[in-house]
Amino acid sequence: NKNFVFDTFIVGPNNHMAYAAAYAITQKLGKLYNPLFIYGGTGLGKTHILQAIGNHALENDKTVIYVTIESL
């Protein structure tokens with residue numbers, strides 16, 4: 001989803017750490033927090049933050065493979 005980027009993510013007290021880790025990953029793709037595991041309740045932005053990482057990677061000419069758990 002092209003709308004899920006870091007600029008549109010709302011950072012709150014329940015997702016600040018996930019946001020900081022996700023943004024840090026984009027600065028050193030594949031080297032920092034590899035793998036990243038995000039766990040949390042409904043509506044805290046898990047999908048948004050993961051999509052933001054992927055969109056940032058695409059903007060920087062990286063290849064992204066998106067696989068849902070249902071497809072495994």
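## Contacts of isoleucine 49

Leaving aside its neighbours within four places in sequence, isoleucine 49 touches Phe6, Phe9, Ala18, Tyr19, Ala22 and Ile38, where contact means heavy atoms within 4.5 Å. The model is predicted: local features need pLDDT of at least 70, side-chain atom pairs count only at pLDDT 80 or more, and totals for chains, interfaces and linings use all residues. Residues are numbered from 1 along each chain as its sequence is written, and side-chain values use heavy atoms, with hydrogens and water left out.

## Helix H1

H1 spans residues 16–27, twelve in number; helices are DSSP runs of H or I, at least four residues, numbered from the N terminus. From first C-alpha to last, H1 reaches 17 Å, close to the expected 16 Å (1.5 Å times one less than the number of residues).

Ala21, Ala22, Ile25 and Thr26 are the buried residues of H1 (under 20% relative accessible area, 1.4 Å probe, protein chains only). These residues cover an arc of only 145 degrees around the axis, which puts them on the same side of H1; the arc is that of the directions from the helix axis to the C-beta atoms. They pack against helix H2 (46–59).

## Nonpolar core

Phe6, Phe9, Ala22, Ile25, Ile49, Ala52 and Ile53 form the largest nonpolar core, a set of buried Ala, Val, Leu, Ile, Met, Phe, Trp, Tyr and Cys residues joined through side-chain atoms within 4.5 Å. H1 and H2 each supply at least two of its residues, and the largest share, three residues, comes from H2.

## Aspartate 61

Aspartate 61 lies in the segment after H2. Its phi is near 60 degrees, a positive value in a residue other than glycine. Most residues other than glycine have a negative phi. Aspartate 61 is exposed, with a relative accessible area of 73% (exposed means over 50%).
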